[in-house]
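Here are my notes on the pockets of this model. Please read them with the structure open.

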Amino acid sequence: MIIKPVLTEKSMLAAQSGKYTFWVGLTTTKTHIKSEVKKLFDVDAVSVKTIKVKGENKKSLRGIKTKTTDRKKAIIEVKKGQKIELFEDKTEKKTKKGKK
């Protein structure tokens, strides 16, 4: 199951070359991710790479130790010429008007 896209500066640069990054469920397999991408975004995945990200140990102000949950990240490469519109940069740069 695809949870949400990773929208960082690094993932946006990779998206320009056709590699899109998503957070996925810990038990999700590569073949399941490939079929989900085909169904949700109507693009053909060439390759799927997965990375398990371990949770961090944190300490609150009161000294209570907690651990954030483990997560799994998937990097999906699509066929040339295909794009996922979710990652397209739609922000227009505003120009500053000079004061006279």
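How do the residues that line the second largest pocket divide into nonpolar, polar and charged? The points below take this up, then turn to the largest pocket. Bear in mind that the model is predicted.

1. Class make-up of the second largest pocket. Its lining divides into five nonpolar, four polar and five charged residues.

2. Volume and centre. The second largest pocket has a volume of about 240 Å³. Its lining has 14 residues. Nearest the centre lie Lys10, Ala14, Thr21, Lys73 and Ile75.

3. Elements around the second largest pocket. Two or more lining residues come from each of H1, strand E2 (19-24), strand E3 (45-53) and E6. E6 gives the most, with four residues.

4. The largest pocket. Here the volume is about 320 Å³. The lining counts 19 residues, and the closest to the centre are Ala15, Gln16, Ser17, Gly18 and Tyr20.

5. Elements around the largest pocket. Helix H1 (9-15) and strand E6 (71-78) each supply at least two lining residues. H1 gives the most, with four residues.

6. Class make-up of the largest pocket. Seven lining residues are nonpolar, five are polar and seven are charged.

7. Elements to inspect in both places. H1 and E6 each supply at least two residues to the lining of the largest pocket.

Key. Residues numbered from 1 in each chain as written. Predicted model: local features only at pLDDT ≥ 70, side-chain atom pairs only at ≥ 80, totals over all residues. Heavy atoms only, no water. 1 Å grid on protein atoms, 1.4 Å probe; cavity = no way out; pocket = protein on both sides within 12 Å on 5 of 7 lines; lining within 4 Å. Points joined across faces, edges and corners; volume = space filled by probe spheres on them. Nonpolar A, V, L, I, M, F, W, Y, C, P; charged D, E, K, R; others polar.
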